[in-house]
Amino acid sequence: ASVGLASIHLSLPIVLGGGLVLALAGFLVLFMPESGFRPTPREERTTWQAMARTLTDGTRVVRRQPVLVTFLGIAALGGMASEGFDRLSEAHFLANFAFPTIGGLTPVIWFGIMSVGSMLLGIGAAEIVRRRVDTTRHGVMSRTLFALTTLQISSVIIFGLTGNFTLALLASWGGSLLHSVIEPMQDAWLVPKIDPKVRATVLSMMGQASALGQVGGGPVVGAIGLRASLRAAMVVSGAVLSPALLLYARAARQGKTAETQAAISLGARLPREAR
């Protein structure tokens with residue numbers, strides 16, 4: 001629908017989208033009142049103390065489990081890499097490629113095709129991973145994420161270097177769908193390791209680490225695209241994710257150590273007959 005509207009006027013889907021969000025807000029005000037909400041009496045509220053306590057507990061959990069610290073680093077690197085790719089990929093296509101004129105397709109329609117194709121491929125890839133990968137096995141998860149991240153790095157770098165539109169399209173799809181698969185796999189690996197009481201806080205910390213990576217790396221990649229070239233910016237976006245491979249290898253070792261310690265601890269607690 002957006003592609004069709006943009007073919008009439010480029011700003012039309014943006015304006016319509018904003019109008020739909022405003023309409024949704026109005027609908028929610030009218031039909032989703034908080035009539036069942038019973039606020040805590042003001043004199044009994046300890047909102048800030050509860051927030052501080054939850055944050056402190058979350059930080060303590062992260063510091064106690066080295067694998068979570070490792071994943072904070074991975075999240076930051078992922079944010080740095082994704083910011084350049086997400087923000088500059090369209091500009092890279094427009095500046096450095098001639099879109100095929102098959103059927104008179106305009107760049108707006110091509111971007112619609114790219115978006116739909118990326119989403120469909122991402123859904124298919126996620127389903128394959130869901131069926132084939134045992135997320136409860138630490139070694140399997142670490143090897144799978146290592147392999148997928150290697151492919152993601154390769155896809156983004158190829159996207160930056162190639163001059164062929166078809167290869168660039170495939171590489172762009174590869175970078176997007178791999179990113180969409182890796183994030184939920186990381187969550188599936190992490191969630192069982194986090195105390196449910198502070199799980200939301202720790203996952204929020206992971207999100208903040210990613211956001212810091214975006215804030216720190218985005219302007220750098222943008223400056224490279226402005227002063228050097230968009231191709232160089234894409235290559236840097238892929239290369240900056242490379243240290244994550246070392247962190248995945250580190251997470252694999254940390255997981256094995258934790259599992260060994262847990263097994264030793266369990267064996268020490270079992271009666272001799274059970275052992």
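Predicted model: local features only at pLDDT ≥ 70, side-chain atom pairs only at ≥ 80, totals over all residues.
In which hand, left or right, does helix 4 pass helix 9? The crossing is left-handed.

## Helix 4 against helix 9

Helix 4 spans residues 66-96, and helix 9 spans residues 230-239. Their axes come within 9 Å of each other and cross at roughly 150°. Angles over 145 degrees count as roughly antiparallel, and helix 4 and helix 9 are therefore roughly antiparallel to each other.

On the helix 4 side, the contact is made by A81, G84, F85, L88, S89, A91, H92, A95 and N96. These meet L230, R231, A233, M234 and S237 of helix 9. By residue class, the contact of helix 4 with helix 9 divides into eight nonpolar, five polar and one charged.

## Salt bridge in helix 4

Three salt bridges are found when the whole structure is searched. One of them pairs R87 with E83, with 3.3 Å between the closest N and O atoms. Both residues belong to helix 4 and are four residues apart, so about one helical turn separates them.

R87 has 56% relative accessibility and counts as exposed, since the class begins over 50%. E83, at 17% relative accessibility, counts as buried, because it falls under the 20% limit.

Helix 5 covers residues 107-132. R130 and E127 are three residues apart, so their separation is about one helical turn.

E127 also meets R131 in a salt bridge, at 2.8 Å from N to O. E127 and R131 both lie in helix 5, four residues apart, which is about one turn of the helix. Through shared partners, the salt bridges join E127, R130 and R131 into one network.

How exposed are the members of this network? R130 is exposed, with a relative accessible area of 57%. R131 counts as exposed as well, at 63% relative accessibility. E127, at 27% relative accessibility, counts as partly exposed, because its value lies between the 20% and 50% limits.

## Summary

Helix 4 takes part in a left-handed crossing with helix 9 and holds the R87 and E83 pair.

How values were computed: Residues numbered from 1 in each chain as written. Heavy atoms only, no water. Salt bridge = Lys/Arg side-chain N within 4 Å of Asp/Glu carboxyl O. Helix = DSSP H or I, 4+ residues; strand = E, 2+ residues; numbered from the N terminus. Buried < 20%, exposed > 50% of the residue type's maximum accessible area, 1.4 Å probe, protein only. Axes fitted to C-alpha atoms, helices over the stretch in contact; angles between N-to-C directions. Parallel < 35°, antiparallel > 145°, perpendicular 65-115°, else oblique. Left-handed = near helix turned anticlockwise from the far one by under 90°. Contact = heavy atoms within 4.5 Å. Nonpolar A, V, L, I, M, F, W, Y, C, P; charged D, E, K, R; others polar.
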